[in-house]
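Grab your viewer and work through a few packing and pairing exercises. Each task comes with a solution you can follow step by step.

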Amino acid sequence: MKIVLFPGRNLSTTAIAAACDAVAGYPQRLVQRIGHPVMWIGRLTDMLDRRLNRDTDSDPVRYRNGFVAMSIIATVPCATVALVQVLAFRRLPPPLAIIAGGILGSSLSAQRSLWEHVRAVSIAARQGLPQARTAVSHIVGRDPAQLDEAAVMRAAVETLAENFSDGIVAPLLWMSLGGPAGAVFYKSVNTADSMIGHRTPRHDRFGFAAARLDDLVNLPASRLSAVWILLAAMTMADMDARGAWRILRRDAGHHRSPNAGWPEAAMAGALGVRLSGPRSYNGVVSHEPWVGDGRADLTPHDLDRALALYRRACMLQGGVLVALSVMLRRAWRARRPS
């Protein structure tokens with residue numbers, strides 16, 4: 001029954017990682033002392049960008065080198081952690097190896113960090129618009145000086161929805177499939193996309209592989225994140241689950257991103273608000289379509305409601321991980337020879 005045990009171990013590791021992240025997050029002291037896994041992946045990406053993406057290279061060379069760089073970024077960190085996983089299960093009792101993997105894997109999820117950063121915007125908004133703009137500038141790339149209070153709140157809710165998918169659901173999904181090594185693979189791809197997957201003169205060709213691979217690995221998690229939001233809305237009296245389903249079906253595919261539209265549409269429908277829409281990046285206005293058909297003038301109260309929905313969705317996800325882990329382990333024990 002090793003076929004059952006292997007996913008059971010991964011799910012147990014993932015459930016522990018989700019719980020550790022929710023309770024403690026990644027301590028700031030560790031960031032100061034040794035950094036963070038995303039920072040280490042970022043250094044590898046930056047090194048490859050400097051060495052393989054030279055200004056004198058032609059577009060075909062940059063395109064080819066981008067695939068080479070992405071191959072290294074996606075495989076080296078993943079293979080390293082996979083080796084550590086194998087050694088851990090060979091030298092430690094399985095329960096201890098699972099706990100250790102869960103604790104280490106919690107660094108690859110951002111449940112608590114996302115909550116703290118978005119909650120900071122809500123707190124700052126009650127102090128004044130300048131404070132709210134400063135707080136939201138830490139989590140969005142658009143120009144905060146152009147945002148009124150409603151736009152600040154929309155930006156924070158959009159970030160909450162999008163990062164619920166690629167910062168929490170996606171790494172935990174890949175961890176449940178491949179253990180910590182699976183989560184490292186995902187974070188490597190996602191980090192590379194955030195650094196080089198931009199349509200700029202320097203990275204349009206070199207970052208093509210990173211951007212396309214990130215779209216692919218995020219595809220299942222974006223749909224699953226919309227499901228968690230929809231289920232969470234069904235358990236909350238002040239949320240519109242039917243509206244979430246309706247807006248999800250109508251608007252998820254209209255977003256500029258093939259993945260971000262799913263959690264944003266589900267959250268917009270559940271809250272009864274409009275998200276996305278026109279925004280400014282470095283002085284350039286991007287005319288994005290609206291997602292949802294409710295109010296666009298969001299308030300700090302709407303952001304608090306979004307945070308409550310986010311927490312409920314995280315709790316549901318954690319509960320399902322625990323339940324699946326227990327079910328698989330019971331199935332293995334029931335069929336194990338006495």
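Contact here means heavy atoms within 4.5 Å, and helices (H or I, at least four residues) and strands (E, at least two) are DSSP runs numbered from the N terminus. You're looking at a predicted model, where local features need pLDDT of at least 70, side-chain atom pairs count only at pLDDT 80 or more, and totals for chains, interfaces and linings use all residues. Residues are numbered from 1 along each chain as its sequence is written, and side-chain values use heavy atoms, leaving out hydrogens and water.

**Exercise 1.** Work out which residues of H6 and H7 meet, and how the two helices are oriented.

Step 1: Ala120, Val121, Ala124 and Ala125 in H6 meet Gln131, Ala132, Ala135 and Val136 in H7.
Step 2: Sort those contact residues and you get seven nonpolar, one polar and no charged. (Ala, Val, Leu, Ile, Met, Phe, Trp, Tyr, Cys and Pro count as nonpolar, Asp, Glu, Lys and Arg as charged, and the others, Gly among them, as polar.)
Step 3: H6 (residues 111-125) and H7 (residues 129-136) pack at about 170°, with axes 7 Å apart. Axes are lines fitted to C-alpha atoms, for helices over the stretch in contact, and angles run from 0 to 180 degrees between N-to-C directions.
Step 4: H6 and H7 are therefore roughly antiparallel. (Under 35 degrees is roughly parallel, over 145 roughly antiparallel, 65 to 115 roughly perpendicular, the rest oblique.)

**Exercise 2.** Do the orientation step for H4 and H9.

Step 1: H4 (residues 59-91) and H9 (residues 208-234) pack at about 50°, axes 7 Å apart.
Step 2: That makes H4 and H9 oblique to each other.
Step 3: Tyr63, Gly66, Phe67 and Met70 of H4 make the contact with Phe208, Ala209, Ala210 and Leu213 of H9.

**Exercise 3.** Find what Arg246 pairs with.

Step 1: Arg246 forms a salt bridge with Asp293, closest N and O atoms 2.9 Å apart. (The cut-off: a side-chain nitrogen of Lys or Arg within 4 Å of a carboxyl oxygen of Asp or Glu.)
Step 2: Arg246 lies in H10 and Asp293 in the loop between S4 and H12, so the pair ties together parts 47 residues apart in sequence.
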